[in-house]
Amino acid sequence: MALSKIDVANMVTGVTPVANGGTALSSGFTNGGGLTGSDMWRVTADFAGSVNPISSNLERCDETGFGRIGTGMTNSSGTFSFPSTGIWLVSFTAFHYTDNSADYISIKINTTTDNSTYALVAQGIAQMHPVDAFSQGTATCVLDVTDVSTCKVRFETDHADTSNKIRGNSGYNRSWFEFIRLGDT
Amino acid sequence: MPDKKGRPDHIEDALSSMHTNQWFTYTDSKNKIYANVRLTEKIGVNGELVDNPVTELPTETAVNAKLKEMQDAWDAANGG
């Protein structure tokens with residue numbers, strides 16, 4: 001006769017999931033587990049030239065259907081603070097535009113662990129030719145946020161020409177920052 | 001904002017071409033009209049926030065003229 005069911009609670013040693021008649025897992029794939037932090041911000045207006053940090057015309061995404069997990073990030077003039085410690089995936093995606101066929105556009109993620117000195121941790125770049133060129137670049141990093149008061153992140157653009165632009169929009173995402181908590185530190 | 005073919009079609013195209021950095025903002029980012037344009041207090045330069053060097057908003061006439069200039073240039077370059 002084919003085996004259609006296993007008595008996990010009585011045949012497997014150690015704690016087992018409640019769904020299998022056990023008392024609950026305390027590590028690994030915990031009961032009710034999953035991601036515990038997620039947030040997304042975007043640039044709401046166009047700007048040209050190199051900017052560090054991107055400090056204004058920022059908003060938390062608010063289009064129809066948007067959702068986040070947890071309290072989300074805090075933005076203070078372009079310095080983003082995390083709501084909790086943990087391993088966080090951070091990415092910056094930007095819509096580039098030039099009307100002047102003007103070499104490269106670079107985007108960067110800078111982080112600090114002492115709330116003072118920032119270091120480059122990720123870069124994305126696009127070559128902007130010919131005139132009226134559009135492109136999109138992404139920079140991504142995974143950060144170990146051990147202290148929410150000292151581990152912070154900023155976003156930068158580094159353009160070869162002042163005519164190069166980052167596109168923003170307040171109704172949908174053109175250039176945006178993503179923050180996803182992957183797990184405990 | 002430029003349409004998908006790149007032709008400038010909004011005051012923001014003109015504004016972002018008049019000065020570099022994030023020198024302007026809107027009192028209502030969901031309603032991007034000239035009446036809602038404001039100067040930002042600080043801009044990010046070399047990792048620091050400094051006073052916005054732009055101290056005066058361009059007039060609506062100047063913004064519209066800049067947009068028209070950009071549209072004419074685009075049309076001339078694209079056979080318009």
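Reader: How many residue pairs are in polar contact between chain A and chain B?
Author: The count is 18 residue pairs, both residues being at pLDDT 80 or more, where a polar contact is a pair of N or O atoms within 3.5 Å; within protein, one must be able to donate a hydrogen and the other to accept it, and residues adjacent in sequence count only if both atoms are side-chain atoms. On the side of chain A that touches chain B, the residues divide into 8 nonpolar, 13 polar and 10 charged, with Ala, Val, Leu, Ile, Met, Phe, Trp, Tyr, Cys and Pro taken as nonpolar, Asp, Glu, Lys and Arg as charged, and the others, Gly among them, as polar.

Reader: Before we go on, what conventions apply here?
Author: This is a predicted model, in which local features need pLDDT of at least 70 and side-chain atom pairs count only at pLDDT 80 or more, while totals for chains, interfaces and linings use all residues. Residues are numbered from 1 along each chain as its sequence is written, chains are lettered from A and ligands numbered from 1 in the order in which they are written, and side-chain values use heavy atoms, with hydrogens and water left out.

Reader: What area is buried between chain A and chain B?
Author: About 2,000 Å² is buried, and carbon and sulfur atoms give 43% of that; buried area here is the accessible area (1.4 Å probe) that two parts lose on being put together, summed over both. A:Asp46, A:Asn52 and A:Asn57 supply 20% of the area that chain A buries against chain B, more than any other three residues. In terms of contact (heavy atoms within 4.5 Å), 31 residues of chain A meet 31 residues of chain B.

Reader: And how many salt bridges does the rule find across that interface?
Author: It finds 3, a salt bridge being a side-chain nitrogen of Lys or Arg within 4 Å of a carboxyl oxygen of Asp or Glu. A:Arg167 forms one with B:Asp13, with the closest N and O atoms 3.4 Å apart.

Reader: Is B:Asp13 buried or exposed?
Author: B:Asp13 is buried, which means under 20% relative accessible area, whereas exposed is over 50% and partly exposed lies in between (1.4 Å probe, protein chains only).

Reader: What do the buried residues of α1(B) pack against?
Author: From chain A they meet β2 (47-48) and β11 (165-166), and from chain B they meet β1 (24-26), β2 (37-39) and α2 (60-77).

Reader: Changing topic, how many aromatic pairs are there over all chains?
Author: There are 14, counting rings of Phe, Tyr and Trp (its six-membered ring) whose centres lie within 6.5 Å; planes under 30 degrees apart count as stacked, over 60 as edge-to-face and the rest as tilted. A:Phe92 and A:Phe177 form an edge-to-face pair, 5.0 Å centre to centre with 75° between the planes.

Reader: Which parts does that pair tie together?
Author: A:Phe92 lies in strand β6 of chain A and A:Phe177 in strand β12 (residues 176-183) of chain A, so the pair ties together parts that are 85 residues apart in sequence. A:Phe92 is buried at a relative accessible area of 0%, and A:Phe177 is likewise buried at 0%. Both residues also belong to a cluster linked by ring pairs, which includes A:Trp41, A:Phe80 and A:Trp88.

Reader: What about A:Thr93, is it buried or exposed?
Author: A:Thr93, found in strand β6 (residues 86-98) of chain A, is buried, with a relative accessible area of 6%. Its side chain makes a polar contact of 3.1 Å with the side chain of A:Thr138, and, leaving aside neighbours within four places in sequence, the residues in contact with A:Thr93 include A:Ile107, A:Arg174 and A:Trp176.

Reader: Back to charges: how far apart are the closest N and O atoms of A:Asp158 and A:Lys108?
Author: They are 3.3 Å apart, in a salt bridge. The pair links distant parts of the chain, with A:Asp158 in strand β10 (residues 152-159) and A:Lys108 in strand β7 (residues 104-112) of chain A, 50 residues apart. A:Asp158 is partly exposed at 22%, whereas A:Lys108 is buried at 14%.

How values were computed: Helix = DSSP H or I, 4+ residues; strand = E, 2+ residues; numbered from the N terminus.
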